[in-house]
Amino acid sequence: PDAMGVKKSPWYLFTPAYWGLSTAHINDDPNAVIEESKDEDVLAEEAVSKSRTNQDMDGRNAIEIRGLTQTFTRGGKPFHAVKAPWFNVAKNQLFA
């Protein structure tokens, strides 16, 4: 098991992820959308985050996620593990 307790296959050490060769990419383009949300609250929060594109982090936030993506290839097809979310987590805010 790894640090999170997830069992890995015996040949996991031969995969790029084991050696740290798989990396997440940050797309700071507010127009890049993999899958658009339909939820009004999510869209409002995305608009706030996108309005701060190419600016320093707001001091009121503990975390700012801006267009993070992680794409793997499975059977020759792209699999989007993280689909470019845009959101902020304010300091002293519960996030689960």
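Analyst: Start at the surface. W11, L13, F14, Y18, W19 and L21 make up a nonpolar patch there, with about 800 Å² of accessible area together. Patches are built from residues with over 30% relative accessible area and no salt bridge; like charges are joined within 9 Å, nonpolar side chains (Val, Leu, Ile, Met, Phe, Trp, Tyr) within 5 Å. Accessible areas come from the Shrake-Rupley method with a 1.4 Å probe, and for residues only the protein chains shown count as cover. L21 sits in the segment before β1 (25-26). L21 counts as exposed because its relative accessibility is 63%. Exposed means over 50% relative accessible area, buried under 20%, and partly exposed in between (1.4 Å probe, protein chains only).

A word on the model. It is predicted, so local features need pLDDT of at least 70 and side-chain atom pairs count only at pLDDT 80 or more, while totals for chains, interfaces and linings use all residues. Residues are numbered from 1 along each chain as its sequence is written, and side-chain values use heavy atoms, with hydrogens and water left out.

The chain has one helix and five strands. From the N terminus the order is β-α-β-β-β-β. Helices (H or I, at least four residues) and strands (E, at least two) are DSSP runs, numbered from the N terminus. Of the 96 residues, 16% count as buried. The chain exposes about 7,700 Å², and carbon and sulfur atoms supply 57% of that area. Take contacts between residues at least 6 apart in sequence: 53% of them join residues at least 24 apart. Contact here means heavy atoms within 4.5 Å.

Next, the charged pairs. Side chains of opposite charge can pair when their charged atoms come close. The structure holds three salt bridges. Each needs a side-chain nitrogen of Lys or Arg within 4 Å of a carboxyl oxygen of Asp or Glu.

R52 pairs with E64, and their closest N and O atoms are 3.9 Å apart. This pair links distant parts of the chain: R52 lies in the loop between α1 (40-51) and β2 (61-66), E64 lies in strand β2, and the two are 12 residues apart. Both R52 and E64 are buried.

E64 also forms a salt bridge with R66, at 2.5 Å between the closest N and O atoms. R66 is buried, as is E64.

N61 is in strand β2. Its relative accessible area is 11%, so N61 is buried. The side chain of N61 makes a polar contact with the side chain of E64 (2.9 Å). A polar contact is a pair of N or O atoms within 3.5 Å; within protein, one must be able to donate a hydrogen and the other to accept it, and residues adjacent in sequence count only if both atoms are side-chain atoms. Beyond its neighbours within four places in sequence, N61 touches N88, V89, A90 and K91.

There is one further pair. D58 forms a salt bridge with R60, with the closest N and O atoms 2.5 Å apart. D58 counts as buried because its relative accessibility is 15%. R60 counts as exposed because its value is 62%.

Last, the hairpin. Strands β3 (residues 68-74) and β4 (residues 77-83) run antiparallel, joined by six bridges. Two strands pair if DSSP finds at least two bridges between them. Q70 has V82 in β4 as its bridge partner. Two residues lie between the strands of this hairpin, and G75 takes a positive phi near 60°.
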